Amino acid sequence: MPEGPELHLASLYVNRACGGVVFTGAVRKSEVSKNPDVPFCCEAYSITATSRGKEVKLTLAPMGAEGRELTADAPKPMDIVFHFGMSGLFKMTTEDDLPKHAHLSFYTKEKPRRVLSFVDTRRFGSWHPNGTWQPDRGPCTMFEYKSFRECVLSRLSDPAFDKPVCEVLLNQKYFNGIGNYLRAEILYRLNIAPFECARTVLTGLDIDVCEPWQLLADTKQHVKQEMPDLLRLCHTVPLEVVNLSGKGYDPEKANYSEFEAWLKCYYVDGMKSLRDSNGRTIWFSGDPGPMAPKGAKSPKARKRVKKEDDHVSTVKKPARCRSGNTTEKKAIKMETEAKQTVKKENGSGSGRRAGKARETSELPNRESKSRSNKSKTHQPQRQIHRGRTHK
């Protein structure tokens with residue numbers, strides 16, 4: 001999911017791609033999108049972008065003809081606030097190369113025409129015409145650091161801080177712009193257990209009055225000189241991501257090798273993972289903390305345990321259950337017959353099965369009795385016959 005750094009880089013991309021470009025006509029929405037239509041149509045307008053935390057705002061500003069001012073009936077400027085969801089991004093392409101999942105498109109006035117598109121493959125993103133920054137989102141951790149720090153430390157009595165720190169870091173009311181990979185990297189650097197109480201971690205921090213840091217080349221050196229705490233790293237770590245490549249956000253040439261090398265904890269081999277109460281996976285090392293879910297296992301651990309159980313069940317499989325062992329099969333059969341005999345002698349068993357068992361077990365006895373009766377009837381006859389012959 002795009003986080004604060006990605007949305008800021010997206011705004012830089014829009015400003016770079018749309019600088020000096022004139023757009024025209026209506027804003028077109030795809031047929032499959034459930035987001036609202038954008039009621040804006042102008043003969044000529046420009047597009048600029050700004051970001052704040054996990055939001056990007058496009059401003060559509062009408063332009064007058066060359067050397068002329070806007071008329072009174074000209075459309076008013078419009079702000080469109082975007083939330084990127086899981087896969088949102090902006091792309092500037094030719095009209096013929098319009099992306100398959102382009103859901104909102106702005107067309108240029110030049111020929112051949114180009115298109116700035118909001119592309120969202122998974123369609124979790126949204127936009128709000130005539131929108132403003134969401135009031136329930138806190139100050140941006142990157143570019144409103146002073147306000148962000150004051151907002152958090154002045155509200156530690158809020159019940160929201162009763163939760164584990166890993167969950168509170170995703171609360172956009174206080175940590176606007178922090179997402180899943182950022183929280184893992186921040187907590188890992190400070191060696192903070194993810195399921196430690198957030199209030200415990202934040203209590204005792206000072207409300208700084210320092211000015212927000214700028215995107216300078218010596219940012220990393222400045223970080224080393226300061227004593228980091230949780231709130232400070234919520235400010236500096238996202239800026240490191242912004243400064244990674246130095247080439248800015250370019251969806252046409254996405255290369256994540258440098259970003260993957262930068263990661264120290266998130267999805268890194270050897271790290272542990274657990275799901276928090278919201279179902280989000282947190283990556284960490286060491287002890288998870290006192291508020292860790294009881295009996296929780298990481299996705300990898302669950303798979304590993306399942307494989308081990310399967311292996312154990314295969315290894316401990318009794319020999320008598322293996323196919324092809326006729327001796328064991330005979331032993332099992334004899335054992336079963338012996339049990340049935342014991343049940344019969346003890347008078348146990350009832351119902352159809354017991355009745356059938358008695359019938360089958362009595363058949364040999366009946367036959368033996370009938371044979372003995374026959375032998376008894378024939379025996380006297382032989383004796384009489386012998387007697388008569390003797391006489």
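A crossing of two helices is called left-handed if the near helix is turned anticlockwise from the far one by less than a right angle, and right-handed if it is turned clockwise. In the predicted model described here, helix α2 passes helix α7 in a right-handed crossing. The axes of α2, which spans residues 145-153, and α7, which spans residues 230-242, come within 10 Å and cross at roughly 150°. On the side of α2 the contact is made by Y145, F148, R149, V152 and L153, while α7 contributes L231, R232, C234 and H235. Of the residues in this contact of α2 with α7, six are nonpolar, one is polar and two are charged.

Strands of a sheet pair through backbone hydrogen bonds, and the pairing may be either parallel or antiparallel. In this model, four strands form an open sheet in the order β2-β7-β8-β6, with antiparallel pairing. Strands β2 (28-29) and β6 (88-94) form the edges of the sheet, each of them pairing on one side only. Within the sheet, strand β7 (residues 102-107) and strand β8 (residues 114-120) run antiparallel and are joined by five bridges, and F106 stands opposite L116 in β8. Helix α1, comprising residues 4-18, lies across β6 and β8 and runs at about 15° to β6.

Side chains of opposite charge can pair when their charged atoms come close. Counted as a side-chain nitrogen of Lys or Arg within 4 Å of a carboxyl oxygen of Asp or Glu, the salt bridges of the model number ten. One of them joins K29 to D37, with the closest N and O atoms 3.3 Å apart; K29 is partly exposed, at 28% relative accessibility, whereas D37 is exposed, with a relative accessible area of 55%.

A salt bridge is also formed between R113 and E95, where the closest N and O atoms are 2.8 Å apart. Because R113 lies in the loop between β7 and β8 and E95 in the loop between β6 and β7, this pair ties together parts that are 18 residues apart in sequence. R113 is partly exposed at 26% relative accessibility, and E95 is likewise partly exposed, with a relative accessible area of 33%.

The side chains of D276 and R183 meet in a further salt bridge, at 3.1 Å from N to O. This pair links distant parts of the chain, 93 residues apart, with D276 in the loop between β10 (272-275) and β11 (281-284) and R183 in helix α4 (residues 180-190). Both D276 and R183 are buried.

Notes
Residues are numbered from 1 along each chain as its sequence is written. This is a predicted model: local features need pLDDT of at least 70, side-chain atom pairs count only at pLDDT 80 or more; totals for chains, interfaces and linings use all residues. Side-chain values use heavy atoms; hydrogens and water are left out. Axes are lines fitted to C-alpha atoms, for helices over the stretch in contact, and angles run from 0 to 180 degrees between N-to-C directions. Helices (H or I, at least four residues) and strands (E, at least two) are DSSP runs, numbered from the N terminus. Contact means heavy atoms within 4.5 Å. Ala, Val, Leu, Ile, Met, Phe, Trp, Tyr, Cys and Pro count as nonpolar, Asp, Glu, Lys and Arg as charged, and the others, Gly among them, as polar. Two strands pair if DSSP finds at least two bridges between them. Buried means under 20% relative accessible area, exposed over 50%, partly exposed in between (1.4 Å probe, protein chains only).
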